[in-house]
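Open the model in your viewer and get ready to select residues by number. Each stop below tells you what to pick next and what is there.

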Amino acid sequence: MSKFDDYPLSRVPESKRLSLLSVAIVHMGMLTALDQFMLGAVLGSSMTAGEAFTAITLASLLFGVLTFALGYAGMREGMPGSLLARWCGFGRHGSVLIGLLVAVSLLGWFGIQNAVFARSLTFALNGKLSFAGSAALSGGVLTLLVTFGFKALRFTARIAVPLFIMLVGWIFWHAFHGQPGHITPPVPATDTLTVSAAITMVIGGAILASLMTPDLTRFSRNGKDVFAITLLTILAGEYGINGLAILIARELQTSDIIVIITQTTSTLGLFAVVFSTLRVNDLNLYSSTLGITNAIEGLTGYKPRYQAITLLLGLLGTLCSVFGILDRFVDFLELLGVIFPPVLGVMIIDYYVLKTHRQTLAVSRSANTLPATSPLIGWPALIASVAGGATGLLSKWGIPVFNSILVAGAVYLLTAPFLKHASDLKEKVVAD
């Protein structure tokens with residue numbers, strides 16, 4: 001994607017918008033990667049195929065609605081998600097919190113992806129390099145590549161997405177038609193999952209993609225492109241990678257993806273793991289950098305350098321993998337599945353229902369600038385997000401992710417009109 005890392009704190013001009021394929025191939029990369037394969041393997045080894053695909057379908061419907069709605073807003077305004085949050089309920093300082101949450105979560109994903117790669121490298125070298133050594137080596141190399149070779153990493157999207165899909169297809173064929181003797185003895189799952197828990201996990205695995213979508217669709221040309229991008233990502237990620245992983249895990253009776261990949265594909269599998277890790281961690285660091293950049297600028301007015309922030313985040317993510325974040329993968333997904341949906345729900349309600357700043361955004365959009373003012377902090381949005389997140393974490397009934405969105409939406413609709421006047425009194429001029 002040309003000029004993919006431009007405009008972190010401004011609108012993308014109409015003249016810089018890109019084709020459907022240019023944006024779609026990068027967006028699809030978020031859900032056609034190892035984390036989705038890991039998730040599908042967990043689902044396939046912990047529940048029946050029917051229950052797993054029911055969870056995927058219901059989660060995909062919610063993911064599709066949230067992703068398209070927020071992605072369309074990003075396309076219309078030409079802004080990344082963390083910046084758009086300033087005029088979608090959260091205000092200048094409230095968007096700082098959103099940016100920080102996104103950055104921390106993406107560090108988790110970076111650590112998970114790096115840990116999977118490190119395990120693959122250790123396996124390929126027959127244990128000659130320890131896991132910690134492999135994680136430090138791969139994380140350091142990836143960080144340097146993303147920091148100093150971002151243009152080259154963007155190119156990997158065109159290679160990594162189709163390559164990883166072909167890899168999963170080969171694993172699928174080998175699992176059902178290969179020689180049984182080539183596969184490591186199965187490791188049956190010890191835990192079972194309910195459909196409700198599985199839906200929360202699937203949303204947890206995809207919800208950051210929804211929040212990151214404006215970072216990409218701000219380069220899109222129209223709403224039809226945003227819809228197509230959302231649909232293609234669901235088909236390729238949820239029903240392609242995730243769905244095939246469910247069937248493979250059930251056939252091989254294991255959720256250990258390192259066993260699945262290395263025993264069925266050998267060198268080809270490791271090669272695909274490399275490109276998949278590059279592709280996803282490229283985007284993880286990019287969106288994480290946008291969030292941190294917005295946070296720093298929102299608090300201090302200072303605009304930090306992209307390379308310095310990316311290097312710092314990459315090093316922190318590498319430490320996460322070295323210290324074993326992969327061991328908490330399921331808990332991590334479940335936590336994400338109830339923290340971020342309320343944030344998306346609040347932003348969507350503010351933009352499409354309450355339309356608090358739509359007129360202000362429209363006026364500045366015509367001049368391709370940011371609005372001259374923004375609320376300092378959106379207390380109703382923060383209160384609603386906390387209420388929704390707490391409901392999702394603490395409630396024992398229904399589906400936590402649905403509960404969190406419904407509660408957040410209701411609280412925001414009730415509190416926003418009453419607190420709007422106080423928020424309007426604290427508008428802050430946005431520095432150019």
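Start by colouring this predicted model by pLDDT. Select helix H3, residues 49-77: confidence in the chain is highest here, at a mean of 95. Now select strand S2, residues 427-429, where confidence is lowest, at a mean of 47. Over the chain, pLDDT averages 81. A score of at least 70 is reached by 81% of the residues.

Two stretches call for care. Select residues 1-5, where pLDDT stays under 50. The model gives this stretch 20 contacts beyond four places in sequence. Next, select residues 425-432, where pLDDT also stays under 50. Here the model has 24 contacts beyond four places in sequence.

**A pair of helices**

Show helix H2, residues 34-46, together with helix H8, residues 195-217. How far apart are their axes, and at what angle do the helices pack? The axes are 10 Å apart, and the angle is about 175°. Angles over 145 degrees count as roughly antiparallel, so H2 is roughly antiparallel to H8.

From H2, pick Gln36, Leu39, Val42 and Leu43. They meet Ala198, Met201, Val202 and Gly205 of H8. Which kinds of residue make up this contact of H2 with H8: nonpolar, polar or charged? Six are nonpolar, two are polar and none is charged.

**A residue in helix H1**

Go to helix H1, residues 20-28, and select Ala24 within it. Is Ala24 buried or exposed? Its relative accessible area is 2%. Under 20% counts as buried, so Ala24 is buried.

Next, show Ile229 and Leu232: Ala24 is in contact with both, leaving aside its neighbours within four places in sequence.

**The nonpolar cores**

In soluble globular proteins, nonpolar side chains tend to be buried together. The largest nonpolar core here has 94 residues. Select Phe37, Leu43, Phe90, Ile203 and Met347, which have the most contacts inside this core. H8 gives the most to the core, with 13 residues.

Zoom in on Met347. Which residues does Met347 touch, not counting those up to four places away in sequence? They are Leu70, Gly81, Leu84, Ala85, Cys88, Phe90 and Leu211.

For the last stop, select Phe110, Leu285, Ile292 and Ile309. They are among the seven residues of a second, separate core.

Notes
Residues numbered from 1 in each chain as written. Predicted model: local features only at pLDDT ≥ 70, side-chain atom pairs only at ≥ 80, totals over all residues. Heavy atoms only, no water. pLDDT = per-residue confidence, 0-100. Helix = DSSP H or I, 4+ residues; strand = E, 2+ residues; numbered from the N terminus. Contact = heavy atoms within 4.5 Å. Axes fitted to C-alpha atoms, helices over the stretch in contact; angles between N-to-C directions. Parallel < 35°, antiparallel > 145°, perpendicular 65-115°, else oblique. Nonpolar A, V, L, I, M, F, W, Y, C, P; charged D, E, K, R; others polar. Buried < 20%, exposed > 50% of the residue type's maximum accessible area, 1.4 Å probe, protein only. Core = buried A, V, L, I, M, F, W, Y, C linked by side-chain atoms within 4.5 Å.
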